[in-house]
Amino acid sequence: MSQVVVQPLALPAATSGIDFGAFVRNVDIEHLTDADFDVIRDALFTHQVLVFKDQSEVSPKAQYELTRRFDPAATSYGHGKTIDAKRSILHPDLKTIPHQPQVQVIGNGFVSEFEGLKNIRLRHPHHKTFHATTIPADEDLDFTRFYRWHIDAALYDLAPPVATTLLAVKVPGGRRQICRYDDGTGDELEVPLGTTAFVSGYTMYDILSDADKEFARSTKVEYAPHPYVWMSKAKSRPDGLGLVSQGLEIPLNDLPSIQENKIQVLPMCWRNPVTGKLALQVHPSAARKLHLADGTVIDDLAEVREIIHRFQRPGIAPKRVYAHDWEEGDFVLFHNRGVLHSVVGAFAEDEVRLFRQCNVAASHLPEGPEAISV
């Protein structure tokens with residue numbers, strides 16, 4: 001019998017559009033029993049984002065083992081070796097722990113020694129390196145943006161991880177920032193410095209019109225081969241939800257060698273393995289084509305992006321964003337096939353942020369909507 005306690009997040013009325021997330025208590029991640037894991041597994045697929053407080057002592061090995069337990073046949077880091085490609089936009093942001101290569105170190109600032117790594121300089125992703133427009137430099141510490149809404153996934157060859165874990169080792173405190181959407185809506189959201197923002201793919205689907213739900217259920221998304229190299233020169237919308245179409249993508253013949261059978265064409269909606277609910281799960285920056293139910297393929301990149309953005313934008317409205325207020329020792333486990341998330345924040349050079357991240361490429365692709373017999 002497990003003693004693990006799961007308590008849904010108690011959020012203020014201003015964020016009443018958030019219907020996901022829970023705290024998990026009375027758990028020893030280093031020594032998880034099968035009964036404990038069963039509770040955690042059901043909680044993850046029910047609540048999507050789980051917060052475990054005071055977990056500073058969790059080892060990289062235990063972090064990996066919990067992450068992998070959601071898919072025991074999986075073994076390799078979610079992006080495989082693609083982060084080694086110097087042109088990949090992921091390359092500068094990650095350092096691999098030598099003794100546990102499925103776990104990455106992310107953050108900001110100089111760290112003299114950590115988990116076998118020495119004299120590392122971490123770089124928190126800043127929107128000025130990726131967005132088509134930027135917040136003026138003199139407003140940079142007070143205002144910020146969602147850097148890139150995404151799913152943790154290679155989206156070429158390797159299947160999207162089921163779960164991702166994040167451990168906050170060192171967190172700079174004090175400041176808060178205003179996250180601006182800068183898309184003409186006036187939307188903005190006050191956030192803790194260096195928050196990770198989450199939105200629910202289930203809510204994103206549920207608030208679609210009936211016609212758009214039908215389109216989403218019956219459409220598949222084709223992702224670009226080697227997407228993080230392909231998009232490396234392209235620029236993002238100001239809300240971080242997909243790219244601006246300026247013809248800056250790397251031509252396919254300039255990408256690393258492409259194997260057609262590794263290109264991923266995935267359902268627009270992914271089915272929850274416990275609840276059966278559908279999540280609108282699309283990585284907007286990596287999408288290249290849409291395959292419709294009648295066999296039509298939409299391959300005009302600007303049109304593909306407009307459709308996806310129209311479907312997803314209501315789901316990132318301020319009232320639907322859970323911006324986690326990190327404290328040192330927070331261990332967050334999230335359902336990578338049920339939420340989108342984004343890095344947020346702009347740090348000063350001397351503000352050190354140190355995190356461990358783990359996700360494992362799945363042994364199977366996501367399942368789409370169940371076929372409805374007529």
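Which residue of strand 10 is the bridge partner of I178? It is E190. Keep in mind as you explore that this is a predicted model.

An open sheet is formed by three strands, in the order 7-9-10, with mixed pairing. Strand 7 and strand 10 (188-192) are at its edges, and each has a single partner strand, so one side of each has no neighbour in the sheet.

Strand 9 covers residues 176-180 and pairs with strand 10 in the antiparallel sense, over five bridges. As background, the strands of a sheet pair through backbone hydrogen bonds, either parallel or antiparallel.

Now follow the chain to F146, in the loop between strand 7 (143-144) and strand 8 (163-170). Is F146 buried or exposed? With a relative accessible area of 1%, F146 counts as buried, because the cut-off for buried is under 20%.

Leaving aside residues up to four places away in sequence, F146 touches a list of residues that includes H131, C179, Y181, L189, D239 and V343.

## What covers helix 2

Finally, have a look at helix 2, which spans residues 60-69. Its buried residues are P60, A62, Q63, Y64, L66 and T67.

Which elements cover these buried residues? Among them are helix 1 (34-47) and several strands: strand 5 (103-114), strand 8, strand 19 (331-335) and strand 21 (353-359).

Methods. Residues numbered from 1 in each chain as written. Predicted model: local features only at pLDDT ≥ 70, side-chain atom pairs only at ≥ 80, totals over all residues. Heavy atoms only, no water. Helix = DSSP H or I, 4+ residues; strand = E, 2+ residues; numbered from the N terminus. Buried < 20%, exposed > 50% of the residue type's maximum accessible area, 1.4 Å probe, protein only. Contact = heavy atoms within 4.5 Å. Pairing = 2+ DSSP bridges.
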